[in-house]
Amino acid sequence: MRAENSGLSRRAVIQGAAWSLPVVALAVATPTAAASTVCTATISTTTAAYSRLSATSALFTWVAPFGDGKDLTLMLTAENNGASNMTINTTNNLVLDSSTQGGEAQASVRLSLDTADLRNIGGGERVTFNFALDGVPTTVNDLSYKIKDIDGVQALDNRGGAERVYLSEGAGTYNATWIQGQGTGSDPWRPSTGSPNPEVAPASAAGNVAVTVASVSAFSLTFIANNSGRAVGDRPNQNIWVGPFTFTALNPACSL
């Protein structure tokens with residue numbers, strides 16, 4: 001009787017061990033699957049496909065940066081801003097340009113304004129940048145880029161050169177001999193009244209502002225030209241270049 005009871009006990013132990021095996025296998029497999037998920041990606045617009053849809057709309061696209069079939073995009077949308085003395089140049093605005101500007105030959109987005117008349121009232125354009133993953137707004141970290149070639153003959157308001165730039169998000173560093181301001185609407189980045197020359201050569205970085213943003217999903221950049229009072233027959237377009245953009249993209253699936 002004791003021997004029979006002992007045999008039943010051994011079978012119970014063996015059966016219990018057999019049932020436990022799949023549970024152990026599942027526990028091992030789960031961390032392996034999680035480890036294969038890409039949670040962050042360091043990204044630059046130099047590796048993106050760029051589509052200029054019109055003079056006021058353009059799109060950077062990164063195909064499935066996390067390997068899950070979801071594309072990351074950066075949409076640019078431009079609109080006239082402020083007074084009507086400056087209008088968007090339909091040929092050059094939002095063109096991706098790899099020529100030497102701001103001391104480097106890096107693919108950057110050109111923002112271009114036409115001088116409609118010589119009133120000194122600061123018209124221009126506002127460009128909105130929106131990040132999205134699979135069509136859903138998404139936040140990126142450690143965004144950095146350059147605003148290049150801020151220059152222009154000294155404007156009639158005695159506050160610096162013609163071209164002015166300000167942001168909704170971000171901080172900037174620059175050469176204070178050439179550039180002044182805080183990048184805000186009331187104190188935009190602009191050529192210094194004491195800058196050595198009103199125009200910056202393409203091979204020079206003197207008119208650049210290096211921008212950083214800790215975390216952002218959307219922001220705007222406003223480019224205005226406070227006219228310099230040139231003659232009626234001298235109405236050149238005004239241009240700056242923006243980019244390349246680099247940032248860390250975050251996979252939302254890793255926070256679930």
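## Glu-104 and Lys-148

Glu-104 and Lys-148 form a salt bridge, with the closest N and O atoms 2.7 Å apart; the term stands for a side-chain nitrogen of Lys or Arg within 4 Å of a carboxyl oxygen of Asp or Glu. This pair links distant parts of the chain, since Glu-104 sits in the loop between S6 and S7 and Lys-148 in strand S10, 44 residues apart. Both Glu-104 and Lys-148 are buried (buried means under 20% relative accessible area, exposed over 50%, partly exposed in between, with a 1.4 Å probe and protein chains only).

A word on the model: it is predicted, with local features needing pLDDT of at least 70 and side-chain atom pairs counting only at pLDDT 80 or more, while totals for chains, interfaces and linings use all residues. Residues are numbered from 1 along each chain as its sequence is written, and side-chain values use heavy atoms, leaving out hydrogens and water.

## Lys-146 joins in

Glu-104 also forms a salt bridge with Lys-146, where the closest N and O atoms are 3.1 Å apart. Lys-146 belongs to strand S10 (residues 140-148) and Glu-104 to the loop between strands S6 (95-97) and S7 (108-115), so this pair ties together parts 42 residues apart in sequence. Strands here are DSSP runs (E, at least two residues), numbered from the N terminus. Lys-146 is partly exposed, at 32% relative accessibility.

## Arg-164 and Asp-157

Four salt bridges turn up in a search of the whole structure. One of them pairs Arg-164 with Asp-157, the closest N and O atoms being 3.1 Å apart. Arg-164 is buried, with a relative accessible area of 2%, whereas Asp-157 is partly exposed at 27%. Elsewhere, shared partners join Glu-104, Lys-146 and Lys-148 into one salt-bridge network.

Definitions and conventions: Helices (H or I, at least four residues) and strands (E, at least two) are DSSP runs, numbered from the N terminus.
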